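These are my notebook entries on a single structure. I record here what I looked up and what I found.

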Amino acid sequence: MEERAMRKKELRTVAAFHTTAAAMAAERLCRREGLEGRLIPVPRSVTSDCGIAWSAPAELRDTLERRFQEAGLEVSGIYLLPL
């Protein structure tokens, strides 16, 4: 059987939310503003009320934090994690 190469983990910004509605609003905001990322299941290392998080490149952490705050989106936490 052929061995598969494991995908190299990279540092990502992960924003966890209190509600699914907030996670979906974050996705709409990011799509509208052309900010790279996608919704993912919340990683096990993060505690969240909602099971969905926004994953984006690490360098977008400050931008996302500022934009979510300006838009009034409540995040339960923004983390830099190897994914």
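Which residues does Leu-73 touch, not counting residues up to four places away in sequence? I found Ala-22, Ala-25, Ala-26, Leu-29 and Phe-68, where contact means heavy atoms within 4.5 Å.

Entry on sources. I note that this is a predicted model, in which local features need pLDDT of at least 70 and side-chain atom pairs count only at pLDDT 80 or more, while totals for chains, interfaces and linings use all residues. Residues are numbered from 1 along each chain as its sequence is written, and side-chain values use heavy atoms, with hydrogens and water left out.

Entry on the cores. I looked up the largest nonpolar core and found 17 residues. Such a core is a set of buried Ala, Val, Leu, Ile, Met, Phe, Trp, Tyr and Cys residues joined through side-chain atoms within 4.5 Å; buried means under 20% relative accessible area and exposed over 50%, with partly exposed in between (1.4 Å probe, protein chains only). Leu-73 is among the residues with the most contacts inside this core, as are Phe-17 and Trp-54. At least two core residues come from each of β1, α1, β3 and α2; these labels are DSSP runs numbered from the N terminus, helices being H or I of at least four residues and strands E of at least two. Helix α1 gives the most, with six residues. A second, separate core has seven residues, including Val-14 and Ile-40.

Entry on α1. This helix covers residues 20–33. I listed its buried residues as Ala-22, Ala-23, Ala-25, Ala-26, Leu-29 and Cys-30. Seen down the axis of α1, they fall within an arc of 160° (taken from the directions from the helix axis to the C-beta atoms), so they line one face of the helix. The face turned away from that buried side carries exposed Ala-21, Arg-28 and Arg-32. Just after α1, Gly-34 takes a positive phi of about 70°.

Entry on β1. I found six of the seven residues of β1 buried. Strand β1 pairs with β4 (residues 75–82) in the antiparallel sense over seven bridges, and five bridges join β1 to β3 (residues 52–57), also antiparallel; strands pair if DSSP finds at least two bridges between them.

Entry on Arg-12. Arg-12 stands opposite Leu-81 in β4.

Notes
The expected span of a helix is 1.5 Å times one less than its number of residues.
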